[in-house]
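Keep the structure open as you read.

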Amino acid sequence: MVYRTILLRSILGLIILSILRRNEHDIVNVYDTFSNLMRITTGGKLLNFGYWTKDTINPLQAQIQLTRIFGTYGSFDTAQTLLDVGSGFSIPALHWIHRYSNLKIFCLNISLKQLKSANSEIGKIQHSKDNMINLSFTRNIDNRIFHINSTSTSIPIRNESVDRIAAFESAQHFKPIAQFIHESRRILKYSGQLIMAMPVITNNSDLMPFSKSYNLGILAVTWASEHYSVSLLESLLRKDDFELSNVEYIGGKIYGPLAEYYIQNRDRLRSEIIKEYPKFLELILYKSMIKMKRESDRNFINYVLIRATRK
Ligand SMILES: C[S@@+](CC[C@H](N)C(=O)[O-])C[C@H]1O[C@@H](n2cnc3c(N)ncnc32)[C@H](O)[C@@H]1O
């Protein structure tokens, strides 16, 4: 009883801080506290929203699909070195290593806990019999994936040394994002590419700053950072002399289908979630899913793939 009260208070406090204060410490805490919630909801350790088509049957499949789309969009087949900033549990890196035999990946994450877990579990995941994960054994993995504990705004990698920088659903946390873009320019080789996938706020949104956080629902917790717009990102990229090669809007394949899945499977998911978390948290999650779908349908939020080339 006492334990549940403490847990309840600390989760409430964390939600409030993640919406209002949003510093790097809060972001790490949000992931440390809620990544297990994501694992229950999705059945895996990928931390992105996923990309849904008419054949997608569950969130894990959608997340793997988004990981693949990201690799294709970033032309990882023509790269030798990739820096993945905000690498989660390094599962995206594992998929890309498996798919692109040419690639060496530096996984950079502010969360030491995620990096440690990634480091110790990579071997296990590779041997997973799960058909959906479908990763056969990759030789020499220790010389192809490297883990770095640092922040997006101060990256311990030398100038002009990598072909691609990936911010795979992570740049929404980077603050100030201008500093990350600056670092990316410094680290990328000439003609190298910065590839980003992220939730954005659209110009249609005329909400006030605080009510934005309120209306975005679960995004205000998992998107616990600044709410960037594409026009801001474009102007920062151009300022740092990037050529903006492409922007794709894919929000329609992201938010609505995920919310639909949650609503349809709520009873099962709820019973799993409340084994580990207070009931009110599941209720917040459910309501947030509904809000997220509504804001996406009204085109107040979207999700973009951005490709920018270093000139
Ligand atoms: C939504 S998750 C995406 C993780 C991964 N790309 C995936 O799809 O599984 C965002 C990640 O960014 C990391 N992150 C947040 N702020 C960061 C920062 N300032 N510098 C580096 N990593 C950060 C978090 O720890 C988390 O791993």
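Q: At what angle do helix 10 and helix 12 pack?
A: This is a predicted model: local features need pLDDT of at least 70, side-chain atom pairs count only at pLDDT 80 or more, and totals for chains, interfaces and linings use all residues. Residues are numbered from 1 along each chain as its sequence is written. Helices (H or I, at least four residues) and strands (E, at least two) are DSSP runs, numbered from the N terminus. Helix 10 (residues 255-264) and helix 12 (residues 279-297) have axes 9 Å apart, where axes are lines fitted to C-alpha atoms, for helices over the stretch in contact, and angles run from 0 to 180 degrees between N-to-C directions; the packing angle is about 150 degrees.

Q: Are helix 10 and helix 12 roughly parallel or roughly antiparallel?
A: Angles under 35 degrees count as roughly parallel, over 145 as roughly antiparallel, 65 to 115 as roughly perpendicular and the rest as oblique. The angle here is about 150 degrees. Helix 10 and helix 12 are therefore roughly antiparallel.

Q: Which residues of helix 12 meet helix 10?
A: Two residues are in contact if their C-beta atoms, placed from the backbone, lie within 7 Å. Helix 10 brings Tyr 255, Gly 256, Ala 259, Tyr 262 and Ile 263. From helix 12 come Tyr 286, Met 289, Ile 290, Met 292, Lys 293, Ser 296 and Asp 297.

Q: Is Ser 90 buried or exposed?
A: Ser 90 sits in the loop between strand 1 (81-85) and helix 4. A residue is buried if 20 or more other C-beta atoms lie within 10 Å of its own, exposed if 12 or fewer, and partly exposed in between, with C-beta atoms placed from the backbone. Ser 90 has 25 such atoms within 10 Å, so it is buried.

Q: Is Glu 160 buried or exposed?
A: Glu 160 lies in the loop between strand 3 (145-149) and strand 4. Its phi is positive, about 45 degrees, although it is not a glycine. Glu 160 has 12 C-beta neighbours inside 10 Å, so it counts as exposed.

Q: Which residues does Tyr 100 touch?
A: Tyr 100 is in the loop between helix 4 and strand 2. Residues up to four places away in sequence are not counted. The contacts of Tyr 100 are Gly 71, Phe 76 and Asp 77.

Q: Which residue does a cis peptide bond join to Lys 175?
A: Most peptide bonds are trans. Here omega is about -5 degrees.
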